[in-house]
Amino acid sequence: MTSATKDAIKDWFTGLGRGAILCQQTIGSICTIKPEWRNVVYQMYFIGVKSQSVVVITGAFTGMVLCAQAYFQFHKIKMDTATLAMVSVAMGSQLGPVLTSLMVSGRVGAAITAELGSMRVTEQVDALRTLAAHPIDYLIVPRSMAMFFVMPLLTAESICIGILSAYILAVFFLGINQTYLWYNMLHYTNGRDIFAGLIKATIFGMIIVMTACYKGLSCRDGAEGVGQATTEAVVFSSIGILISNFFLTMMLNRLLGQP
Amino acid sequence: MIEVRNIKKRFGNHEVLKGVTFSIEKGEAITIIGTSGGGKSVLLKHLIGLIAPDSGEVLVAGENIDRMNERQLLKVRRRFGMLFQGAALFDSMTVAENVGFVLDREQKMTPAEIAKRVEEVLTLVNLNGTQKKKPSELSGGMRKRVGLARAIAYRPEILLYDEPTTGLDPIASDMIDQLIIRVVEETKVTSIAVTHDMRSARRIGKRILMLHQGKIYTDQKPDDLFKSEDPIIHRFVNGIADLKETSL
């Protein structure tokens, strides 16, 4: 193993350790310090309201493409009316939370890292500390709390829009019987699927916000450092979402039981 | 008020501070001079706990701040106001929000009282009327003056200035110097400025400390320092480069 590889591995584990400490300090701060609700509300607006177009487009087109593909396969075995049920289960437990989180990671995660990174390199984070404000309390806690509240709502919205757009496609363009379509969807979609999806979305939100904040506050000086931190935040949170999705699926399946 | 005992600091292989020792009494105005990259700003950041030394101690009002965690340091930092080299104004906020930041967070004053205090300090730095502007709409000199207003708005006991006149034209530099002198005279705060602007150093400080090769090389009154015949001090205060370093 070359020394460069050893250094890269060491840096990776150091980063992981520091990220874990940041998470622990953030949780400690949320539990002990009175949050600044004005900041939390602003961050909820920034994360939630400003992500509407991204979430709606992601939900609608994922629902429609899933519906079309499912219909093409189901039609061969005369199971057209199971199309919406398949869309609903897939959107509720997997595609809704994962795709919404990936889109939020690209939009919100990148913005958070760029903002905090710019603040760090222009000494604004040091200025905060000199003005007796703890960067975790002032910068990370409001973003984490906002993400905690908003991410499940965005995912629920994405799931609903995905199912609605699939329904419209199935009934009005593919000519599937709407009564059986709707009945089968309600019959085969279990509340546990949706609940698992929302739990996942909340955890993915925490992965996004903690990765983004850590990368922003630890970025190297200069425009290049901020750019690199922003790229890394999106890449690491996206990978984190995909990997944790597998483990969460297995764990939640065991905890919540098979539908 | 502040006591620095043999602090050392290393970044990678480069030892920036090699055992710095000095003390500052309450109400004193001192200037720390030294070459660019010589560790002046690093030293200043040690005084407020933004950087922890590798060894040595920094005592503020008798309390050793090196042993404090970030939350304990917040209470100590409430005694300080700091003007950063680039002003470090929060660019997402207006001038008024920047200046009233601490007062707003402390929630001890009503919004009207905060607005009045903001107006007072902005008047002191000749910037009343800019309350609604964003930092991006201000010139470099104006940003520094807003930074100064922010540092004094909550009436700290100690003011730190990191290169207060760097990057400013001579008139803006003079204005900043006058403001610092006025603030020190009117509020009787302890004042510590780091600079390599000799005119500023002479005017702001009642005592000048020179940081050279990671140590305090000299600690003198401005007039004595400028008359010094020590070759290192003489070359620095008169801006004379070492010919060996400039030869091609």
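From the N terminus on, the elements of chain A run α-α-α-α-α-α-α-α-α, which comes to nine helices and zero strands. Helices here are DSSP runs of H or I with at least four residues, strands are runs of E with at least two, and both are numbered from the N terminus. This is a predicted model, in which local features need pLDDT of at least 70 and side-chain atom pairs count only at pLDDT 80 or more, while totals for chains, interfaces and linings use all residues. Residues are numbered from 1 along each chain as its sequence is written, and chains are lettered from A in the order in which they are written.

Let's start with chain A. Its C-alpha trace spans about 65 × 50 × 35 Å along the principal axes. The axes of α8 (residues 191-217) and α9 (residues 222-256) of chain A come within 8 Å and cross at roughly 150°; axes are lines fitted to C-alpha atoms, for helices over the stretch in contact, and angles run from 0 to 180 degrees between N-to-C directions. α8(A) and α9(A) are therefore roughly antiparallel to each other (angles over 145 degrees count as such).

Now to chain B and its sheets, where two strands pair if DSSP finds at least two bridges between them. One open sheet has four strands in the order β2-β1-β4-β5 (chain B), with antiparallel pairing. Its edge strands are β2 (14-24) and β5 (63-64) of chain B. Another open sheet has six strands in the order β6-β7-β8-β3-β9-β10 (chain B), and its pairing is mixed. At its edges stand β6 (80-83) and β10 (215-220) of chain B, each with a single partner strand, so one side of each is left without a neighbour in the sheet. Neighbouring strands of this sheet are turned by 20° against each other on average, direction ignored.

| Strands (chain B) | Sense | Bridges | Bridge partners |
|---|---|---|---|
| β1 (residues 2-11) and β4 (residues 55-60) | antiparallel | five | B:R5 and B:E57 |
| β7 (residues 158-162) and β8 (residues 190-195) | parallel | five | B:I158 and B:T190 |

Finally, the two chains meet. The contact (heavy atoms within 4.5 Å) takes 20 residues from chain A and 25 residues from chain B. About 2000 Å² is buried between chain A and chain B, and carbon and sulfur atoms give 53% of that area. Buried area is the accessible area (1.4 Å probe) that two parts lose on being put together, summed over both. On the chain A side, A:R129, A:T130 and A:L131 lose the most area to chain B, together 33% of what that side buries.

Conventions
Heavy atoms only, no water. Parallel < 35°, antiparallel > 145°, perpendicular 65-115°, else oblique.
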